[in-house]
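Biologist: Could you walk me through this one? I'd like to hear what stands behind each label.

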Amino acid sequence: MAVTNRLACYSDPADHYSHRVRIVLAEKGVAADIIDVEPGRCPPRLAEVNPYGSVPTLVDRDLALYEPTVVMEYLEERYPHPPLMPVYPVARGNTRLLMHRVQRDWCSLVDQILDSRVKEAAKAVARKELRESLTGVSPLFADKPFFLSEDLSLVDCCLLPILWRLPVLGIELPRPAKPLLDYMERLFVRDGFQASLSAVERDMR
């Protein structure tokens, strides 16, 4: 049997963390076998390479990586073109800090809204907080084509899966969020973003 050097990416087709990695793969034009994993069902091969059985998990020959940010930065270093991180250390540090803030400020709320164990009253509070937070930062999207950048970055790759899921999250952005809505409209039609979508994600909008 022929040995393939192709990457394998274990991914939940509905999960926004898996979606991040698929966006990076698509934007870089990296061929990878996307292996859909249903929540709660861990394929034997995934259990072999990842002690947590979590997704996304990237397998590159003998290497297995399974934390979303680690996977994204590995892909950035392994496939440097087109770059999704700035060249200079200060700018790279700022990019990493923005990724951390997206995770801390927004992803935590998204995870709460999507968690079936969370009571509806708590979800309503999280929805309100997420809507207000996104609306509040909307002016930051007015001056540059990407989030605080002239070029697509890993920050956009973290943010776009959340924005794509707003209808599923029960969030409609108000008119004052127009710069953010314009950003979404521009980036959702990118070839890389469209190529990253699973069938489940296409049905979200």
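Here is a chat about the domains, their contacts and some backbone details.

Modeller: Ground rules: this is a predicted model, so local features need pLDDT of at least 70, side-chain atom pairs count only at pLDDT 80 or more, and totals for chains, interfaces and linings use all residues. Residues are numbered from 1 along each chain as its sequence is written, and side-chain values use heavy atoms, with hydrogens and water left out.

Biologist: What makes domain 1 and domain 2 domains here?

Modeller: The bounds come from an automatic or database domain assignment, and that gives domain 1 (5-76) and domain 2 (87-189). Their C-alpha centres lie 22 Å apart.

Biologist: How do you know that domain 1 is in contact with domain 2?

Modeller: Contact means heavy atoms within 4.5 Å. By that rule, 13 residues of domain 1 are in contact with 14 residues of domain 2.

Biologist: And what area do the two domains bury between them?

Modeller: About 1,200 Å², with 61% of it on carbon and sulfur atoms. Buried area is the accessible area (1.4 Å probe) that two parts lose on being put together, summed over both. Of the area that domain 1 buries against domain 2, His 16, Arg 20 and Glu 73 supply 42%, more than any other three residues.

Biologist: Why is the pair Glu 73 and Arg 96 called a salt bridge?

Modeller: The term asks for a side-chain nitrogen of Lys or Arg within 4 Å of a carboxyl oxygen of Asp or Glu. In this pair the closest N and O atoms are 2.9 Å apart, so it qualifies. The count between domain 1 and domain 2 is 1 salt bridge, while the structure holds 14 salt bridges. Glu 73 sits in helix H3 and Arg 96 in helix H4 (residues 89-114), 23 residues apart, so the pair links distant parts of the chain. Helices (H or I, at least four residues) and strands (E, at least two) are DSSP runs, numbered from the N terminus.

Biologist: Which helices supply at least two residues each to the side of domain 1 that touches domain 2?

Modeller: Helix H1 (16-28) and helix H3 (68-78) do, and H1 gives the most, with 7 residues.

Biologist: What makes Arg 61 stand out?

Modeller: Arg 61 has a positive phi of about 55 degrees although it is not a glycine. Most residues other than glycine have a negative phi, and most peptide bonds are trans. Arg 61 is in the loop between E3 and strand E4 (63-65).
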